[in-house]
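Visitor: I would like a close look at a single part of this structure. Please take me through the salt bridges.

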Amino acid sequence: MSERVVSHPRTARPSRRSLLATALAVVASVGFVPTAAAAGPVDRQAQAGGAADPAHTEGRATLASAGGVADRKRADGSADMAEAIAKQRGISRDAAEKLLSAENANVRLANRLTTELGASSGGAYLSNGHLVVTVTDAAAAAKVTAAGAEARLVARGERHLQKIQRALEAAPSEPNTTWGVDPETNQVVVSLPASGAKNAAQNSMARKFGAAVRFETTAGQIQPNVGISSADALGGCSVGFTATDYTFNYIITAGHCTQGYPHWTLPNGQDVGPSLESNYPENDYGLIWMNGPSVWATGTINLWNNTSRSIHGWATAVSGLSVCNSGKTTGFRCGSVLRTNVTVNGAGGTVRQMVETNICTLGGDSGGPLFASNTAYGLNSHANRIGSQCNSTPRTWHQPVGEAITGYQVVIYGAP
């Protein structure tokens, strides 16, 4: 893991009373820009009470907007996401709502079963809301069936496939290459750029593993989604989720956004606060202290369609899960998780354990939230783009948010 941590003495945090006395706030997923303000990053002491969100359901999340919260409909359920999924998949609104309800329950069951099965698990995926858990032996299959999911016997366990993935990553490769386990086909998938030749070293290594490895090609270049803002020449990103250690509140966003940017303001000049930590590359998450006198957390995500969503906690994504992303450039868009635990060799360096989706995102969307219903899953990181446009088969990679939450010893902010 590559970690960049900068620190300076902490200054006093404004009182809650002074925050509520102002009529200004921040919008989750709105663009925000780094500034060269004199106030630098500060030490963040780990709080013993902030080290857990063990059930992944008692979190707190995101931000809200001055003048935006009162006139936006609060969307606590799945209604707005259901509409987007129904349109995308050509199904009825009722069918979409039933699908999302089933997925919400099954993704947590998948997390539990794959952990309990250990080496006997080949991974899990969702198919039209139905949970399939792949296993390598009959005893594991019986446990899956008893839990109410479908068991499917496969030749290779997920740990074995991950070992193959690491071996492939060790071989020389060209840029814009990704590696990831596909639980549905029980293979490691190596994705190479369509414009480049299949790397000889990769092919040579892959032959050792036979049918356990599959090659595919994609168009475009894989790039971090940081974008240039007209308000600041350094760059711009999107807010991900807000978090708390029960003493202070923070923004969790992409690490390539916070890296090298000591202080943040909104495009209108409102002070947000300093960058505290940056984990990039290898990972892609960073932490910003919300100590500006005009900002506070409200527990919602701006969906850019006059609605907002509250986030109640986080979970680990599963292949096939319906998810949405919100960002300042592309707004609110939905799609599906294609793979998890994907290694991405992009323009900014190698990042690992990413969640891959088919959602189109662009420069400026970096750090924005990946979520489903009221659950947080990730932070927008990289996308394969053709210039400033998504290609015809968009791919975006997201940093799992749980790694940032546990690493920074915070919980998601936001009441149910």
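Guide: Arg352 has a relative accessibility of 28%, so Arg352 counts as partly exposed. This is a predicted model. Arg352 forms a salt bridge with Glu282, and the closest N and O atoms are 2.7 Å apart. Arg352 lies in strand S23 (residues 349-357), while Glu282 sits in the loop between strand S16 (271-279) and strand S17 (285-289). The pair therefore ties together parts that are 70 residues apart in sequence. What about the cover of Glu282? Its relative accessibility is 24%, so Glu282 is partly exposed too.

Now stay with strand S23, which also holds Glu356. Glu356 is buried, because its relative accessible area is 2% and buried means under 20%. The side chains of Glu356 and Arg395 meet in a salt bridge (3.4 Å, N to O). Arg395 is in the loop between strand S26 (389-390) and strand S27 (396-400). This pair links distant parts of the chain, 39 residues apart. Glu356 and Arg395 also belong to a network of salt bridges. Asp182, Arg214, Glu216 and Arg339 are linked in that network as well.

The side chains of Arg93 and Glu83 meet in a salt bridge (4.0 Å, N to O). Arg93 lies in helix H3 (residues 93-117) and Glu83 in helix H2 (residues 79-89), so the pair ties together parts that are 10 residues apart in sequence. Arg93 has 35% relative accessibility, so Arg93 counts as partly exposed. The count for the model comes to 12 salt bridges.

Technical notes: Residues numbered from 1 in each chain as written. Predicted model: local features only at pLDDT ≥ 70, side-chain atom pairs only at ≥ 80, totals over all residues. Heavy atoms only, no water. Helix = DSSP H or I, 4+ residues; strand = E, 2+ residues; numbered from the N terminus. Buried < 20%, exposed > 50% of the residue type's maximum accessible area, 1.4 Å probe, protein only.
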